[in-house]
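Reader: I am new to this structure. Please take me through one part of it closely.

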Amino acid sequence: MRGLGILLSLLLLVVVAAGGCAVMPISGPSSWDVWAGQHDPKDLPYAFVRITPKVADVLGKAAPRLVGEFPDRSRPKDIVFGNGDIVSVTIFEASSGGLFIPAEAGVRPGNFITIPAQAVDVNGNIAVPYAGEIRARGRTAAEIQKAIVDALKDRAIEPQVIVSSVEQRTSLITVLGDVTRPGRLPAQLTPERILDTISRAGGTAGPGPDEWIMLERVGRRALSPFGALIYEPANNIYIHPNDIIYVYREPQTYLAFGALGTQQQIPFGTWRITLAEAVAKAGGLVDGAADPASVFLYRGETRDVAEAIGIDASKFQGPIIPVIYNINFRNPAGYFLATTLEMRNKDVVYVSNSVSTEASKFLNYIRLINATLNDPISSAINAYTLKNIIQTGTANTAIITGATAPIINVPAP
């Protein structure tokens, strides 16, 4: 009976060893599974990338920022007029007796007349007495002024012209979303930056750390955390006429799994956090279980970013490529890299168990199986021996079970 129990135990040991971790309870894949899974044709394809200073630099430049999509920091061009803009024209002459100032008016300060405000017509023109139709669409105020002077210089006395905008209907900036006063704002003659425009719309209506900015310009779009406009001044770029600013609230979170202090969805709590801060917010690595060399970051990257970090994007379909990044916290330099790697919304941080932890769990599992098999066998042997003692009345019978040898003394009749 005992030999049978030992044989069954050894058989189960062989089966468990052959099955590996597949039969063991575990919170996620081992480091070997993560590395080998990318080569399994039956799995969802993904790329495996070890974080190096070069990779961290590429990912830093690819972080969502306005300056990344709109790198031109020069001031925008002067505002030009378009169809429907309301324009005011004032004409000065050097003395009376000219085209616009009657002779009987004499010399007086401000020899000028102001033409009633008018809209740029559908043909892009405005009408100026004695000058005819003057092209206004696509021109700045200074260019229109010069055109009117050229048309009047042979008829008026040293004419000078001032053109001003009464109401802009084409050079507008649209501000939408989570602001106090959304709407269309006229572009300023003096160039302003995106924070200035948001301020004119009453500022953001929600808390800054959760606010995001989307800027659309001539069919191009860029996203940025609102905090980046404040803490990284390069992102507070000039605004252009006809830009669209959309302010929206999106709390940033990430997921923590594996050998970390906590396993849950965790909010950023600020406008940006690094991988090192994310691990710390999750309670850090569990000292008795975590493998510091197996800290993984799951994220989807665009094709251009994936190619920049050395991934062969031709093996993947779709615009987003699944990537698993690995950083080694056993290496002291890994912590420096982790402080430069910015987390993204919905990232997943996973830490594998160490090999020693899995081995300990495996051995405990074997002990449990062995005990489960031995307990009924020992009970049967004890029961059988006790039965013989009672039937035969044999005294001083020794029963040896397992590693112990209890002595059962039965008094003689």
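What is the volume of the largest pocket?

Author: This is a predicted model. In it, the largest pocket has a volume of about 740 Å³. Its lining is made by 29 residues. Those nearest the pocket centre are Ala-62, Ala-63, Pro-64, Arg-65 and Arg-344.

Strand S14 covers residues 290-302. It belongs to an open sheet of six strands. The order is S1-S15-S14-S16-S12-S13, and the pairing is mixed. Strand S1 (47-50) and strand S13 (265-267) form the edges, each pairing on one side only. On average, neighbouring strands here are turned by 25 degrees against each other, direction ignored.

Now look at one pair. S14 runs antiparallel to S16 (residues 348-353), and five bridges join the two. Leu-297 has Val-349 in S16 as its bridge partner.

Val-349 leads on to the core. It is among the residues with the most contacts inside the largest nonpolar core, which has 40 residues. Tyr-254, Leu-275, Ile-311, Tyr-325, Ile-327 and Met-343 are also on that list. Take Ile-327. Beyond its neighbours within four places in sequence, Ile-327 is in contact with Leu-275, Pro-292 and Val-295, among others. Ile-51 and Leu-337 are also among its contacts. Another core, of 21 residues, lies apart from the largest one. It includes Ile-198, Ala-201, Leu-215 and Ile-237.

Key. Residues are numbered from 1 along each chain as its sequence is written. This is a predicted model: local features need pLDDT of at least 70, side-chain atom pairs count only at pLDDT 80 or more; totals for chains, interfaces and linings use all residues. Side-chain values use heavy atoms; hydrogens and water are left out. A nonpolar core is a set of buried Ala, Val, Leu, Ile, Met, Phe, Trp, Tyr and Cys residues joined through side-chain atoms within 4.5 Å. Buried means under 20% relative accessible area, exposed over 50%, partly exposed in between (1.4 Å probe, protein chains only). Contact means heavy atoms within 4.5 Å. Two strands pair if DSSP finds at least two bridges between them. Helices (H or I, at least four residues) and strands (E, at least two) are DSSP runs, numbered from the N terminus. Axes are lines fitted to C-alpha atoms, for helices over the stretch in contact, and angles run from 0 to 180 degrees between N-to-C directions. On a 1 Å grid over the protein atoms alone, a cavity is a set of points where a 1.4 Å probe fits but cannot get out, and a pocket is an open set with protein on both sides within 12 Å along at least five of seven lines; lining residues have an atom within 4 Å of a point. Grid points are joined across faces, edges and corners, and a volume is the space filled by probe spheres set on the points.
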